[in-house]
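Student: I would like to learn how to read the features of a protein model, one at a time. Could we begin with the model itself and go on from there?

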Amino acid sequence: MNWGYQLEASSASFRMVSGSIGYEAGGFWTGNISSLVLGLTIRPVPGINLSSGYTHSKVTAENSGFNTNLFQLDLGLDFTPDISFSSNIQFDDVSDILGSNTRFRWIITPGTDIYCVYNHNWLNNSTLNRRLFTIQQGAIMKIIYNYRF
């Protein structure tokens, strides 16, 4: 059984600029994990959300442990209540992978949606004399149709 606790402070999320800070700690397999989490969101105009985040985690376990830093950038665009675009980019310094997830959503009618998603991951490996090279990419389209009778 694991234990855990979390402390968090944040400003009102509906404001043009908002932020948060948090600390969490708990059990992690045979050891412990503690994380400091920082977030900042900017909404310059209605329908545009720009967010960034940083998480520093320290993991300690029997005979081992590591520290990791995770950086995130998010973009959200709401063109209409029914059409939206979002993109998430993140990097962590343990796996050295830069990843992106981009999604387009169109709600045609309630219960009938079209999603287009594209994912791309790059490995940061200076030993191969290539700073970033593609290790995975893919696209998918999902159509949900709801027939009511």
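Tutor: Let us begin with burial: a residue is called buried when its relative accessible area is under 20%, exposed when it is over 50%, and partly exposed in between, with a 1.4 Å probe and protein chains only. This is a predicted model, in which local features need pLDDT of at least 70 and side-chain atom pairs count only at pLDDT 80 or more, while totals for chains, interfaces and linings use all residues. Residues are numbered from 1 along each chain as its sequence is written, and side-chain values use heavy atoms, with hydrogens and water left out.

Student: Is Gly-39 buried, exposed or partly exposed, and which residues is Gly-39 in contact with?

Tutor: Gly-39 has a relative accessible area of 24%, so it counts as partly exposed. A contact means heavy atoms within 4.5 Å; if we leave aside neighbours within four places in sequence, Gly-39 is in contact with Ser-18, Gly-19, Ser-20, Ser-52 and Gly-53. Of these, Gly-19 is 20 residues away in sequence, yet the two C-alpha atoms are 5.3 Å apart in space.

Student: How many helices and strands does the protein have?

Tutor: Helices (H or I, at least four residues) and strands (E, at least two) are DSSP runs, numbered from the N terminus. By that reading the protein has zero helices and nine strands, and Gly-39 belongs to strand 3.

Student: Which residues form the nonpolar patch on the surface?

Tutor: A patch is made of residues with over 30% relative accessible area and no salt bridge, where like charges are joined within 9 Å and nonpolar side chains (Val, Leu, Ile, Met, Phe, Trp, Tyr) within 5 Å. Here Trp-3, Tyr-5, Leu-7, Ile-21, Tyr-23, Leu-36 and Leu-38 form such a nonpolar patch, and together they have about 670 Å² of accessible area, a value that comes from the Shrake-Rupley method with a 1.4 Å probe, with only the protein chains shown counting as cover for residues. The elements that give two or more residues to the patch are strand 1 (4–10), strand 2 (17–28) and strand 3 (31–42).

Student: How many aromatic pairs are found in the whole structure?

Tutor: Rings of Phe, Tyr and Trp (its six-membered ring) pair if their centres lie within 6.5 Å; planes under 30 degrees apart count as stacked, over 60 as edge-to-face and the rest as tilted. A search of the whole structure finds four such pairs. One of them joins Tyr-5 and Tyr-23, a tilted pair at 6.2 Å centre to centre with 45° between the planes. This pair links distant parts of the chain, since Tyr-5 is in strand 1 and Tyr-23 in strand 2, 18 residues apart. Tyr-5 is partly exposed at 42% relative accessible area, and Tyr-23 is likewise partly exposed, at 34%. Tyr-54 and Phe-71 form another tilted pair, 5.2 Å centre to centre and 40° between the planes; the pair links strand 4 (residues 48–61) with strand 5 (residues 64–78), its members being 17 residues apart. Ring pairs also link Trp-3, Tyr-5 and Tyr-23 into a cluster.

Student: How many salt bridges does the structure hold, and which side chains meet there?

Tutor: Side chains of opposite charge can pair when their charged atoms come close. A salt bridge is a side-chain nitrogen of Lys or Arg within 4 Å of a carboxyl oxygen of Asp or Glu. The structure holds one, in which the side chains of Asp-113 and Arg-105 meet at 2.7 Å, N to O. Asp-113 is buried at 7% relative accessibility, while Arg-105 is partly exposed at 24%.

Student: Where is Asn-63 found, and what is its phi?

Tutor: Asn-63 sits in the loop between strand 4 and strand 5, and its phi is near 65°, a positive value in a residue other than glycine. With a relative accessible area of 82%, Asn-63 is exposed.
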